Amino acid sequence: MKYIILILFIFIGFHSFSQNTDFNQISIEDEAKKEVKVYPNPCKNSKVTVEFASKEISEIRLTSLVGEQVLLIKYDFPLPKIQLRLNEIPNGIYLLQITTTDNKPTVKKLMISKN
């Protein structure tokens, strides 16, 4: 009986440890998303500014919700702040994938609503 109780305590201890580790991983990913600013969102004047607080942007990819790639821009000289002109992009909701110089992508939702 003592062995069964001991095994249960060990199992519960490992289970709670793994849950805390997952929580820490999620909070790290949330912090990375907070470093990126995309404004104005929704975009109404065909100009969007993408700003990364601590890293430089090497690639920007705009994809529709259907999965169609609408825009791809690669930068030879990475920048922390970029202004995009979206004159030819139709109204809708898009996924903006920002890749930094360390090849880590961050995805933000972007709404385009031109009058």
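Thr101 lies in the loop between β6 and β7. Strands here are DSSP runs (E, at least two residues), numbered from the N terminus. This is a predicted model: local features need pLDDT of at least 70, side-chain atom pairs count only at pLDDT 80 or more, and totals for chains, interfaces and linings use all residues. Residues are numbered from 1 along each chain as its sequence is written, and side-chain values use heavy atoms, with hydrogens and water left out.

**Two threonines**

Thr99 is found in strand β6. Buried means under 20% relative accessible area, exposed over 50%, and partly exposed in between (1.4 Å probe, protein chains only).

| Residue | Relative accessible area | Class |
|---|---|---|
| Thr101 | 44% | partly exposed |
| Thr99 | 10% | buried |

Contact means heavy atoms within 4.5 Å. Not counting residues up to four places away in sequence, Thr101 touches Glu56, Ser58 and Pro78. Under that rule, Thr99 contacts Glu56, Ile57, Ser58, Glu59, Lys104 and Pro105. Thr101 and Ser58 are 43 residues apart in sequence, but their C-alpha atoms are 5.5 Å apart in space.

**The sheet**

Four strands form an open sheet in the order β4-β3-β6-β7, with antiparallel pairing. β4 (69-79) and β7 (105-112) are the edge strands; each has a single partner strand, so one side of each lacks a neighbour in the sheet. On average, neighbouring strands of this sheet are turned by 20° against each other, direction ignored. That angle is taken between axes, lines fitted to C-alpha atoms; angles run from 0 to 180 degrees between N-to-C directions.

Two strands pair if DSSP finds at least two bridges between them. β3 (residues 57-64) and β4 pair in the antiparallel sense over six bridges. Ile60 has Ile73 as its bridge partner in β4.

**The core**

A nonpolar core is a set of buried Ala, Val, Leu, Ile, Met, Phe, Trp, Tyr and Cys residues joined through side-chain atoms within 4.5 Å. The largest one has 20 residues; Val50, Ile60, Leu62, Leu84, Leu86, Leu96 and Ile98 have the most contacts inside it. At least two residues of this core come from each of β1 (36-39), β2 (47-52), β3, β4, β5 (81-85), β6 (92-100) and β7.

**Confidence**

pLDDT is the predictor's confidence in each residue, from 0 to 100. The protein chain averages 81, and 70% of the residues score at least 70. Over residues 16-21, pLDDT stays under 50, and the model has zero contacts beyond four places in sequence for them.
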